[in-house]
Protein chains: 2
Amino acid sequence: MLKPVVDPLPSWQEGKVKQRIIEFVQQVTDESSIHYVVPENRIATFDNDGTLMVEKPVMAQVAYFKRKLLNAEVINTKSKWLRIAHWIKSLFFDLFGFIRLLLTLWRRGMTTEQYRASVARWIAQAKHPRFGKKYTELVYKPMLEVLQYFEANDFKNYIVTGSTANFVRPWSQDVYQVSVNRVIGSSLKTKLSLRSGQLDIMLEPLPFSIENRATKVLSIERRIAKRPIAAFGNSYGDVDMLRWTRNSHSSLCVLIHHTDAEREYAYSPNTRFCFGTNTLDYAEQLQWQVVDMKQDWKTVF
Amino acid sequence: MLKPVVDPLPSWQEGKVKQRIIEFVQQVTDESSIHYVVPENRIATFDNDGTLMVEKPVMAQVAYFKRKLLNAEVINTKSKWLRIAHWIKSLFFDLFGFIRLLLTLWRRGMTTEQYRASVARWIAQAKHPRFGKKYTELVYKPMLEVLQYFEANDFKNYIVTGSTANFVRPWSQDVYQVSVNRVIGSSLKTKLSLRSGQLDIMLEPLPFSIENRATKVLSIERRIAKRPIAAFGNSYGDVDMLRWTRNSHSSLCVLIHHTDAEREYAYSPNTRFCFGTNTLDYAEQLQWQVVDMKQDWKTVF
């Protein structure tokens with residue numbers, strides 16, 4: 001393998017994963033390689049929360065809902081009893097707030113443009129409870145390098161997120177250099193509304209799609225009609241997307257494993273109630289690259 | 001208005017519509033104009049059937065269903081009695097064929113890839129009943145010139161079709177230079193299926209979305225999260241899309257009116273049962289450009 005003159009991934013420790021990413025990019029862009037892929041098929045999909053951006057104690061989308069719409073605080077404490085007390089309190093707050101949110105959408109309505117504007121205002125000032133930084137500053141530097149490295153090699157990077165697409169769109173271009181039309185995410189139902197001669201698109205308080213597990217795959221196919229050749233995820237919800245990514249040597253499947261309680265968080269890629277195969281077992285069986293955050297990343301943010 | 005050195009629309013008769021299209025492109029691409037639009041917002045949306053491609057006697061998608069899945073012929077005759085006889089016959093055939101189609105999808109299943117491959121094979125050889133040419137040869141030359149003219153001026157052209165997206169994708173790049181991810185269309189529900197270790201996406205015999213009228217607008221917004229600055233349609237089903245296109249001088253709304261029974265077909269832009277405002281009345285009220293096919297187009301195909 002030829003070493004690139006300039007290191008495209010300076011925040012990555014030298015090791016198996018970094019080596020495989022560079023080898024993969026070199027193979028699929030080398031016309032003389034049997035793994036060569038034409039530029040229009042160089043599709044890469046990235047989960048957002050936990051893959052590109054911190055998702056603990058709660059995902060940015062949830063923090064936004066809580067603070068903006070439910071007026072509740074996100075708590076981050078190590079005391080078990082405080083956490084339980086908060087959980088009971090927030091259960092009532094959430095229920096109450098959730099009903100209020102539904103009523104607001106039903107009665108007063110909100111356009112998709114208003115929602116995006118509201119997110120843009122919130123994300124410009126909201127601070128993460130532990131790190132005291134903006135959420136957009138809590139994206140993983142090693143992953144930004146991957147996005148940029150792919151982009152420079154004519155990949156089309158897509159974000160496929162369980163958060164609403166319109167939550168990510170207001171800042172995806174600035175932060176990830178991913179344009180709004182390459183963001184695939186959950187969404188509410190919408191309806192066209194004509195008020196005093198002006199057409200608007202109103203959000204309705206019913207889900208249209210929730211992007212998780214198989215739905216991520218179906219949405220990618222519905223949108224792009226191609227299999228990605230690279231996919232990055234961090235949880236059980238990303239397993240189907242990684243499995244569906246083209247299954248050959250000219251594909252790259254990466255699972256981010258959160259192992260660094262000190263610099264970020266340490267947690268399992270499984271959901272709380274995981275009855276199926278363990279996510280890490282899938283990674284081993286299907287020979288995915290597993291990023292050990294503590295070992296593989298020189299810098300996190 | 002500066003005249004371009006090379007005529008970008010040679011198949012268009014000199015006239016109001018051609019002049020407005022050229023003026024529009026010059027304004028939105030001229031940084032010194034108050035109508036200037038940055039390249040990433042130069043979104044243009046095009047209906048397919050009747051706007052870019054012949055849709056009579058039936059749309060290509062319907063001809064495909066009839067011939068491929070229902071084994072029926074498309075009839076094109078001027079005799080009223082023959083047409084009625086055919087209509088009665090096809091009613092039974094369609095019902096029978098439709099049930100057979102549903103049973104096939106349910107019992108044997110079809111992947112989205114198989115569907116696209118089947119369309120690709122069909123469209124490569126199927127002939128239009130009147131013109132005896134392939135459907136992909138029956139696209140409107142003047143509209144191909146518009147697509148190319150827009151593309152050359154950094155527009156992003158999207159096709160928004162009532163046909164299934166996967167019916168248009170196999171040939172959209174070759175015929176329109178529109179890539180598969182820029183085709184928005186109707187679709188069936190899908191499900192992820194794991195068979196002998198291989199993941200596939202199976203079509204289900206239930207609609208997921210039917211792109212017509214308001215749904216076209218909602219799907220564009222869901223996908224692109226931007227208002228188009230140009231939209232082309234030909235029927236009542238496109239009225240909402242044209243209305244929603246940015247409502248300012250730096251937008252272009254064009255309605256293709258089929259007035260040429262000799263070279264193509266002559267028919268109303270309304271649906272058969274039109275209770276609301278007439279499509280042409282909308283065009284007049286909202287000052288859209290109306291293409292009179294007979295007058296405005298030197299060549300049709």
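**View 1. Bridge partners A:Ala230 and A:Leu252 in chain A.** A:Ala230 has A:Leu252 of β6(A) as its bridge partner, in a model that is predicted. The two strands concerned, β5 (residues 230–233) and β6 (residues 252–257) of chain A, pair in the parallel sense over 4 bridges; two strands are taken to pair if DSSP finds at least two bridges between them. Strands (E, at least two residues) and helices (H or I, at least four residues) are DSSP runs, numbered from the N terminus.

**View 2. The open sheet of chain A.** In chain A, 7 strands form an open sheet with mixed pairing, in the order β4-β3-β2-β1-β5-β6-β7. Its edge strands, each of which pairs on one side only, are β4 (198–209) and β7 (289–292) of chain A. On average, neighbouring strands of this sheet are turned by 30° against each other, direction ignored.

**View 3. Helices α1 and α7 of chain A against the sheet.** Helix α1 (residues 16–29) of chain A lies across β5, β6 and β7 of chain A and runs at about 135° to β7(A). Helix α7 (residues 214–224) of chain A packs on the sheet and touches β1 (43–46), β2 (156–164) and β3 (183–195) of chain A, its direction making about 135° with that of β2(A). Axes are lines fitted to C-alpha atoms, for helices over the stretch in contact, with angles from 0 to 180 degrees between N-to-C directions; contact means heavy atoms within 4.5 Å.

View 4. B:Phe46 stands opposite B:Ile159 in β2(B) and opposite B:Phe232 in β5(B).

View 5. A rotation of 180° with 0.0 Å of shift along its axis superposes chain A on chain B, with an RMSD of 0.0 Å, by least squares on the C-alpha atoms of residues with pLDDT of at least 70 in both copies. That is the relation of a two-fold axis. In chain A, the C-alpha nearest the axis belongs to A:Arg223, 4.1 Å from it. Of the interface residues of chain A, 100% are also interface residues in chain B, so the copies meet through the same surface.

**Notes.** Residues are numbered from 1 along each chain as its sequence is written, and chains are lettered from A and ligands numbered from 1 in the order in which they are written. Local features of this predicted model need pLDDT of at least 70, and side-chain atom pairs count only at pLDDT 80 or more, whereas totals for chains, interfaces and linings use all residues; side-chain values use heavy atoms, with hydrogens and water left out.
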